[in-house]
Amino acid sequence: MSTRLYQCIEAIGNKIIENKDFLTDLDREIGDADHGVNMARGFSEVLTALPQDETDIGAALKKVGMTLLSKVGGASGPLYGTAYMKAAGPAAGKTEIDLTVACEMLKEAIAGIQMRGKAVKGEKTMLDALIPAYETMVSCIESGDDAKTTLEKMCETASMGVEYTKTIQATKGRASYLGERSIGHQDPGATSSLITLEAIRDFL
Ligand code: ADP
Ligand code: MG
């Protein structure tokens, strides 16, 4: 019998795997056509490596992060790997989390991505989905929204962030080699970040 925690990670993994070709096609436009392949491979490994009866959220996320770090090539492996490892911090030893802890986890995840990748908002990366989602989360918590509403609103702003990546030039990662020609294309990493949030929303 798998835990709810495993089921949530499974939901993320399955949605990433379902979108493998879509993410790879996006990366074909402005990169090297491997983002979906990278992410799907990583999450297949995660679903095999993660014990189904794990209840410690911190321990599980650390395992997810380490698996992504070791199994996923490209820029996204180390970036998502670090994000999950960092998110594990505020959840260490916890078998349940509330929105406040979840918000700390997202903050840490973003800090980890920025520490590794040195990008800020507006450079056409996964941060263009994640930072707006985080800002929405903070304001939802301030307004007293419940978890379901919060995730719904976070997905809306993350989706707007993905749309925004179409309008800007990439200045980090492989897509930056294209210069102005990267404009008009949606960022694969921002898209996989949105997919992750949508999987959590649908799971809730
Ligand atoms: P690679 O570019 O090495 O082939 P992937 O295709 O798996 O790796 O991932 C590409 C995605 O990684 C981009 O769409 C972008 O969102 C993200 N990315 C690349 N560089 C950075 C960075 N420095 N900071 C944050 N995200 C980045
Ligand atoms: Mg790529």
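This is a predicted model: local features need pLDDT of at least 70, side-chain atom pairs count only at pLDDT 80 or more; totals for chains, interfaces and linings use all residues.
**Helix 5**

Residues are numbered from 1 along each chain as its sequence is written, chains are lettered from A and ligands numbered from 1 in the order in which they are written, and side-chain values use heavy atoms, with hydrogens and water left out.

The expected span is 1.5 Å times one less than the number of residues, and helices here are DSSP runs (H or I, at least four residues), numbered from the N terminus.

I then checked burial, where buried means under 20% relative accessible area, exposed over 50%, and partly exposed in between (1.4 Å probe, protein chains only). Helix 5 is largely enclosed by the rest of the structure, because 10 of its 13 residues are buried. Among the buried residues I listed Ser 76, Gly 77, Leu 79, Tyr 80 and Tyr 84. Their cover includes helix 1 (4–18), helix 3, helix 4, helix 6 and helix 9 (188–203).

**Helix 6 and its end**

I repeated the check on helix 6 (residues 99–117), whose 19 residues should span 27 Å at 1.5 Å a residue, and whose end C-alpha atoms are 27 Å apart, in agreement. Its buried residues include Leu 99, Cys 103, Leu 106, Ile 110 and Ile 113. I keep one general point beside this list: an α-helix has 3.6 residues a turn, so residues three or four places apart point the same way. The cover over the buried residues of helix 6 includes helix 4 (57–71), helix 5 (76–88), helix 7 (127–143) and helix 8 (147–167).

Just after helix 6 I came to Lys 118, which takes a positive phi of about 60° although it is not a glycine. Lys 118 counts as exposed, because its relative accessibility is 60%.

**The loop between helix 6 and helix 7**

Lys 118 is placed in this loop, and I looked up two further residues there. Lys 121, also in the loop, counts as partly exposed at 42% relative accessibility. Not counting residues up to four places away in sequence, Lys 121 touches Asp 128, Ile 131, Pro 132 and Glu 135, where contact means heavy atoms within 4.5 Å. A polar contact of 3.4 Å joins the side chains of Lys 121 and Glu 135; such a contact is a pair of N or O atoms within 3.5 Å, and within protein one must be able to donate a hydrogen and the other to accept it, with residues adjacent in sequence counting only if both atoms are side-chain atoms.

Thr 125 lies in this loop too, but is buried, with a relative accessible area of 14%. Leaving aside neighbours within four places in sequence, I found Thr 125 in contact with Ala 119, Thr 165, Lys 172, Asp 187 and Ala 190.

**Ile 168**

I located Ile 168 in the loop between helix 8 and helix 9, where this residue is buried, with a relative accessible area of 13%. Contacts of Ile 168, leaving aside neighbours within four places in sequence, include Gly 122, Glu 123, Lys 124 and Asp 128.

**Ligand 1**

I next looked at the 21 residues around ligand 1, of which Asn 38, Ala 75, Ser 76, Gly 117 and Asp 187 come nearest; a residue is near a molecule if one of its heavy atoms lies within 4 Å of it. Polar backbone atoms lie 2.7 Å from a ligand oxygen atom in the case of Ala 75 and 2.9 Å in the case of Gly 189. A polar side-chain atom of Arg 174 is 3.3 Å from an oxygen atom of ligand 1. Taken alone ligand 1 exposes 570 Å², and the protein buries 93% of that, with accessible areas from the Shrake-Rupley method and a 1.4 Å probe.

**Cysteines**

Finally, I searched the whole structure for disulfides and found zero, a disulfide being a pair of cysteine sulfur atoms within 2.5 Å. The sulfur of Cys 8 is 12 Å from the closest cysteine sulfur, in Cys 155, too far for a bond. Cys 140 is in no disulfide either, and the nearest cysteine sulfur, that of Cys 103, is 9.5 Å away. Cys 8 counts as buried at 17% relative accessibility, and Cys 140 counts as buried at 3%.

Notes: Helices (H or I, at least four residues) and strands (E, at least two) are DSSP runs, numbered from the N terminus.
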